[in-house]
Amino acid sequence: MFHRKFLQSFLPKFSAAVVQFFQRVPDPEIRKMKRERLDSIIQDMDRLLHRVYTVIDKHEFLEHLELLVCTRFLKSNYLQVRIDGLKGINDILRGVGKKVTRALRERDLVDWVMKEKIAEELVGPKKHQQILQRSSALLQFIYSNLGFDERTLEELWEFTKDELLRKDLFKILCEIAFPLHSPELKFFAGKIITMDPSEITEEALNVIFEPYKSPNHTNEQLLKYADMMAEMAFSGRYSLEISESALQKYAGMVSSLDPCTLRCLSLIHICRCRRIERCRSRWSPYH
């Protein structure tokens, strides 16, 4: 279509102009753009660039352009635009490390998360249920590479104030499966144990229980969370459904402990034995 010599002088300027356009495009204009149209732009750029750029340089530019566009979408004030941007980011995360030709590496995405303050876009002032529901992969990536700072933890916990958001949050926390030694699990477990008993769900129990399945923990770390599960199983403050579920999970956690560690288990005070009406034993869980 164009002479190669012309493309060599024209494409760098044109590529820079495309990047600048997406950096500066106003939000109302972003709203009018469809994902299909953006895919078409990237395909057209691909056809142009392959005549001048090396394969590696071409992929590097196109992948960074795609990430730039998705980031701009995610930062929009329009929900559907933000959802489209998040879908694109999830596609990028799935592709990292899977193709030899990919230029974006995990380290590049970690730098991008920090530079663009992506965690704040997900759980900050513009948080929304539909964004949270689609954020599991991105939140897992952020946690596994950077962890969650105190502000992010508090903002995540804000989701629990809404019943629907609470369920979605607990589901994502289960998928992340924090290690038993992590400060993040300590934070969330501490919050869950102080919640109103009527707000505790199976998903909330799983936030504490799922990390136990990982082999990378000590008996002492497991003991602490086993005691929390026992509190919910035997205290009598929780619904029968939650108490029975907590008891099953407690039994599973205890069964993995060695006999010496079992002696360290706390005996739970539940006011009275459920088996005998007149019994006031403090140690009734162990009758």
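Leaving aside neighbours within four places in sequence, arginine 82 is in contact (heavy atoms within 4.5 Å) with Phe73, Leu74, Ser76, Glu121, Lys126 and Ile131. The model is predicted: local features need pLDDT of at least 70, side-chain atom pairs count only at pLDDT 80 or more, and totals for chains, interfaces and linings use all residues. Residues are numbered from 1 along each chain as its sequence is written, and side-chain values use heavy atoms, with hydrogens and water left out. Arginine 82 belongs to helix H5 (residues 79-95); helices are DSSP runs of H or I with at least four residues, numbered from the N terminus. A polar atom of the arginine 82 side chain lies 2.7 Å from the backbone oxygen of lysine 126.

The structure contains 9 aromatic pairs, defined by rings of Phe, Tyr and Trp (its six-membered ring) with centres within 6.5 Å; planes under 30 degrees apart count as stacked, over 60 as edge-to-face and the rest as tilted. Tryptophan 157 and phenylalanine 188 form a tilted pair, with 6.2 Å centre to centre and 45 degrees between the planes. This pair links helix H10 (residues 150-157), which holds tryptophan 157, to helix H12 (residues 183-193), which holds phenylalanine 188, 31 residues apart. Phenylalanine 178 and phenylalanine 188 form a stacked pair, at 5.7 Å centre to centre and 20 degrees between the planes. Phenylalanine 178 lies in the loop between helix H11 (163-176) and H12 and phenylalanine 188 in helix H12, so the pair ties together parts 10 residues apart in sequence. One aromatic cluster is formed by Tyr143, Phe148, Trp157, Phe170, Phe178, Phe187 and Phe188.

Key
Helices (H or I, at least four residues) and strands (E, at least two) are DSSP runs, numbered from the N terminus. A polar contact is a pair of N or O atoms within 3.5 Å; within protein, one must be able to donate a hydrogen and the other to accept it, and residues adjacent in sequence count only if both atoms are side-chain atoms.
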